[in-house]
Amino acid sequence: MGETVLKDSPIGARVPMIDSVDKVTGKGIYTDDMAPPGTLTGRILHSPHAHARILSIDTSVAERLPGVKAVVTGRETPVKYGILPIGHDETIFATDKVRYVGDNVAGVAAESPEIAEEALRLIRVEYEVLPAWFDPEKSMLAESNLIHEDKPHNIEKDYHHHFGDVVKGFEAADYIREDRFFCPEVTHAALEPHSTLAEYYPEADAITVWSSTQVPYYLKLNLASTLQMPEEKVRVIKPLVGGGFGGKSEVIPLELAAAVLARKALLPVKITYSREEVFYAHRGRPGQIVELRTGITREGRLTAVEARIIQDGGAYCSYGVVTILYSGQLLNAMYEIPNVKFDGYRVLTNKPACGAMRGHGTVNTRFAFEQQLNRMASVLGIDPVEIRRRNLLKAPCITVNGLRVLSYGFPECLDKVEERSGWREKHGKLPYGKGIGIAGSHYVSGAANAIIRSGAPHTTVNLSIDRDGVVTIFTGASEIGQGSDTLQVQVVAAELGVDLDRVKIVAADTARTPIDLGSYSSRVTFMAGNAAIAAARDAKGKVLAAAAVKMATNPENLAIEGNQVMCLDDRRIAMPFEDAVRLAAGDGQTLEATGSYRPPDAATGGKFKGGGVGPSPAYSYCAQTAEVTVDPETGQVTVDRLIAAHDCGKAINPICVEGQVIGSVWMGLGQAVQEEMMWRDGRLMNPGLLEYRSASTLESPPIEAIIVESNDPEGPFGAKEAGEGSLAATIPAVTQAIYDAVGVWIDTLPITPEKILKAIAEKKKSETQVIKTEN
Amino acid sequence: MQINGQRRALEIEPNRLLLDVLRQDLGLTGTKCGCDDSSCGACTVLVNGQPQMSCIMLAVSYQDAEITTIEGVAPNDGDEAELDPLQKGFMVEGGAQCGFCTPGMILTAKHLLAVNPDPSEQEIADALSGNLCRCTGYMQIYASVRKAVELMRERRPVEVAPR
């Protein structure tokens with residue numbers, strides 16, 4: 001790990017993604033592209049009420065409709081599930097209550113979409129409507145009409161952390177700021193709507209589920225528990241996935257609904273969400289209130305931070321406990337902050353559950369913190385780049401809350417964007433209406449502690465090498481468009497010294513591939529990458545040992561390069577890789593090898609309540625500049641240019657790294673300037689891609705990615721995450737650029753023209769008042 | 001119907017969408033459904049060379065039209081060496097991440113390059129404004145289209161127009 005890369009190694013090469021031929025020709029198969037003979041259409045009946053008791057459900061008329069093959073309600077699906085072991089609060093279909101508009105009441109499988117939809121209309125449900133909670137600050141005061149009876153005050157979970165001594169920290173400060181920030185809900189809106197196909201085999205009492213999931217293994221576990229089937233009878237296959245961003249990183253109701261319907265109908269059942277259903281299924285970034293208090297010295301050194309954070313979690317736990325912890329824990333590991341206090345509340349409301357979304361838990365807190373730091377820099381007259389340099393971590397280090405940071409490329413990221421953007425010539429010097437801003441952000445390279453705690457590896461990769469020297473990787477890691485498959489092929493080819501086209505991959509099929517926890521928390525490069533290297537080393541050890549006997553030398557004197565096993569002391573003595581494989585495997589056999597990865601204990605964090613969330617074997621870092629034009633007449637903000645320097649440790653595939661960084665920045669910009677889930681009485685006002693205002697080419701500015709390589713000592717070839725860490729910095733970089741342009745700070749997202757105009761008007765008013773007072 | 005250069009005889013209900021006929025009746029699943037309501041452009045096909053969204057087109061209305069889907073873009077089925085310059089461009093520049101918007105993007109760009117073989121970045125952006133992508137921020141898609149322009153130039157010797 002972290003070693004020098006050979007000259008012709010595929011590490012660092014701009015290798016096109018191995019599945020890109022399938023994607024550009026339309027041959028690649030996504031879940032909804034499959035339809036075995038006899039496949040039924042599944043549809044879900046959703047609740048029209050935000051909070052209601054179910055008094056009765058009558059499915060008899062629907063069941064008699066010709067063409068209907070199965071109808072299922074909550075009576076048949078009583079087992080509770082959830083992605084977190086401490087958050088099992090959902091059932092496939094509601095058993096007693098519905099808790100949000102869109103909650104799942106019943107499922108139907110029929111011979112056509114038209115029949116299925118007609119059947120939904122024929123299901124009679126009698127509800128007793130209950131008072132509903134929509135505002136988290138009101139919901140957390142609730143005494144009655146609780147959303148879940150076992151959650152007093154509708155608080156899913158609260159955490160209270162104190163590291164160091166903030167009282168002393170604030171005493172040492174010369175300047176203390178307090179601000180309140182609000183970030184409304186945003187959602188992933190991956191272009192592929194969720195889709196699941198399930199087929200039950202009655203003679204074996206087994207089921208196979210193809211699904212658009214980022215987490216096949218967790219889906220398998222939840223299918224087994226909710227269907228009350230043994231795990232070995234459940235097979236999950238992940239076809240191509242059309243984007244996830246966290247929206248497919250837990251079990252989504254349609255996945256279980258399709259399975260239970262298929263078992264009852266004894267025919268394959270496919271459910272594909274409509275776009276509106278995707279919006280209601282949600283599990284996106286929660287609305288968040290951040291009350292932030294920060295102390296700093298005259299010289300610009302941070303002395304203390306205190307955050308009170310309230311997250312509007314929606315009606316079920318989902319990833320909520322983890323999200324609220326990330327929002328506090330990752331106040332740290334970015335800058336040196338000696339004293340940190342965090343009070344976090346994950347609150348239930350009668351809206352769809354929020355879950356994990358790109359930058360999970362960290363984004364809204366990072367926006368608040370970076371914005372406040374920029375405001376303090378402005379008051380203290382310190383350059384915003386400089387104030388960050390004065391508060392750098394002294395890595396390697398362990399933060400006050402127990403996060404171990406080994407590689408830290410943030411200083412270089414700052415240097416790079418400062419130079420590329422022309423910061424010194426621009427900041428504070430541009431004409432009114434033009435501005436430049438800067439901010440930083442970071443993210444984990446996989447969670448050091450698995451959702452389900454155990455001593456097991458987080459990922460295992462197996463290799464099978466055939467007599468012709470073709471290497472097949474068997475991995476549970478999930479390609480979702482980020483390059484998971486390509487990355488593993490590259491590291492195995494590099495480690496084994498064979499050409500890329502000799503390495504094939506079989507991925508994400510629980511019947512054929514070993515366990516990997518999934519594509520979330522940016523864990524694949526680090527964890528599956530390290531497991532793939534370990535597997536390749538296992539294979540290489542066997543190949544070289546066999547070759548050494550034949551070549552009458554020591555394995556230590558052998559290397560594999562360019563498909564040849566060769567002696568290091570005399571490279572003319574060589575044998576083809578496949579010959580060595582045959583020697584190692586024995587006649588007619590394939591050579592099997594395996595490797596796995598589990599984060600080291602030193603990276604697993606502090607031993608306090610909630611200390612398990614936030615620790616990671618490595619953190620990525622990003623510094624980012626934004627340049628904007630603000631029209632003071634209309635309030636319109638045009639982002640002219642974004643530059644992100646991202647420390648990914650080592651860019652194993654620069655095409656993928658740049659794509660991930662640019663995509664993250666773009667998604668951060670969406671949250672900054674236009675995206676918002678608009679709720680009214682529990683109903684979503686904008687459940688469409690145009691209404692949600694997902695940016696088209698015309699609203700998307702030039703974005704430049706600069707790769708910074710800090711070579712993490714434990715990363716695969718030095719690599720860390722690239723897919724999430726750049727998102728958060730975009731928002732505060734843009735807001736600071738707006739301040740630089742027109743002198744106003746925006747604390748509530750998204751930054752609409754109305755908010756800009758209002759802020760400019762208030763600024764003018766207060767300046768006029770000052771002049772009047774002076775007169 | 002005339003699809004990807006082949007005449008196909010089909011019996012279809014008058015209320016069926018072209019997107020569904022392509023995907024369900026003809027197995028041409030490269031055409032994607034991202035939004036159901038003509039917001040995203042993932043279902044774009046070429047109709048007589050013009051990009052159109054098949055999710056809002058009644059199939060029976062296009063019996064005499066020449067329809068091209070992503071499966072009809074490469075001249076030789078499945079041979080990587082024979083891919084269209086746009087397809088190659090999207091591969092080498094990372095224009096396809098999750099790949100779900102890719103067929104629609106390529107078909108829209110195909111029309112752009114047919115009418116404007118050397119588009120500026122702004123012209124590419126304008127042409128692709130009806131095709132949403134959530135992965136790339138569009139930067140690598142622009143690079144992919146420009147790469148295709150480059151590949152087309154290499155393939156076709158530069159002709160100097162007589163004045």
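Which order do the strands of the open sheet in chain A have?

## Sheet of chain A

The order is E3-E5-E1-E12-E9-E10-E11, seven strands with mixed pairing. Strands are DSSP runs of E, at least two residues, and helices are runs of H or I, at least four, numbered from the N terminus. Strands pair if DSSP finds at least two bridges between them. E3 (68–73) and E11 of chain A stand at the edges with a single partner strand each, so one side of each lacks a neighbour in the sheet.

This is a predicted model: local features need pLDDT of at least 70, side-chain atom pairs count only at pLDDT 80 or more, and totals for chains, interfaces and linings use all residues. Residues are numbered from 1 along each chain as its sequence is written, and chains are lettered from A and ligands numbered from 1 in the order in which they are written.

E1 (40–46) and E12 (269–272) of chain A pair in the parallel sense over two bridges. A:Leu40 stands opposite A:Val269.

## Helix H6 of chain A

H6(A) covers residues 216–227. Nine of its twelve residues are buried (20 or more other C-beta atoms, placed from the backbone, within 10 Å of their own). Among them are A:Tyr217, A:Leu219 and A:Leu223. The buried residues pack against E10 (206–211), E11 (234–237) and H7 (253–265) of chain A. A:Gln228 follows the helix, with a positive phi near 55°.

Methods
Expected span 1.5 Å × (residues − 1). Contact = placed C-beta atoms within 7 Å.
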